[in-house]
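Reader: I would like to learn how to read the salt bridges and the domain interface in a model like this one. Could you take me through them step by step?

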Amino acid sequence: MGIHRLNHAVLYVSNLDRSVAFYRDVLGFRPVAMTPDGFRGAAFLQAPDSTNDHDLGLFEIGAAAGRSQAGRATVGLYHLAWELDTLDELAATAERLAAAGALVGTSDHGTTKSLYGQDPDGLEFEIVWIVPADLLDDEALAARKRIGRLDLDRERRRYGGQTRGGVGISIPA
């Protein structure tokens, strides 16, 4: 089975309108009109620049639903990771997440530079920039064995804010 990428994720949410607003206003997803006729309580969204039919499906289960406890009190998915093209995009996304009170962490994994956010239901996601294969060096490769503090300004000076990430790794060269 040759997997090439994650096509879409489907999440259960407590309030559909609130979740759609979050993914639209904070992360730039756009609603896609594909909910089956007569079906209520669902929305489908596409990420900016995506070529997928949809990247996110949201299904409302109601206000009585509690926040996600996966990894704290229940088994479940920890997070999904969405890849951005540039470190400048990663920095802008960090600002939007922080302004929304949704940025819960950052990390430098050597070959990846990551933001961690939570949606209104506490579902966690990662936004990542991947060091291009032609820029990988011993320092970046060795740093995969630790989780360091992300210094986006340093990384933009090192790799360039507009350098397209993932070339040769997640994007065929």
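Author: Let us start with the charged pairs: the structure holds 12 salt bridges, where a salt bridge is a side-chain nitrogen of Lys or Arg within 4 Å of a carboxyl oxygen of Asp or Glu. This is a predicted model, in which local features need pLDDT of at least 70 and side-chain atom pairs count only at pLDDT 80 or more, whereas totals for chains, interfaces and linings use all residues. Residues are numbered from 1 along each chain as its sequence is written, and side-chain values use heavy atoms, with hydrogens and water left out.

Reader: Which parts does the salt bridge of K113 with E155 tie together?

Author: The closest N and O atoms of K113 and E155 are 3.5 Å apart. K113 belongs to strand β7 (residues 112–118) and E155 to helix α4 (residues 152–159), so the pair links parts that are 42 residues apart in sequence; helices (H or I, at least four residues) and strands (E, at least two) are DSSP runs, numbered from the N terminus.

Reader: Are K113 and E155 buried or exposed?

Author: Both K113 and E155 are buried, a word that stands for under 20% relative accessible area, with exposed meaning over 50% and partly exposed in between (1.4 Å probe, protein chains only). For E155 the relative accessible area is 0%. E155 also forms a salt bridge with R154, the closest N and O atoms being 2.8 Å apart, and R154 counts as partly exposed because its relative accessibility is 32%. Through shared partners, salt bridges join D108, K113, D137, E139, R154, E155 and R158 into one network.

Reader: How is the size of an interface given, and what area do domain 1 and domain 2 bury between them?

Author: The size of an interface is often given as the accessible area lost when the parts come together. Here the protein chain is divided into domain 1 (9–60) and domain 2 (80–159), with bounds that come from an automatic or database domain assignment. Domain 1 and domain 2 bury about 1100 Å² between them, 69% of it on carbon and sulfur atoms, buried area being the accessible area (1.4 Å probe) that two parts lose on being put together, summed over both. In domain 1, F22, V26 and L27 lose the most area to domain 2, together 45% of what that side buries.

Reader: How many salt bridges does the rule find across this interface?

Author: The rule finds one salt bridge across the interface of domain 1 and domain 2.
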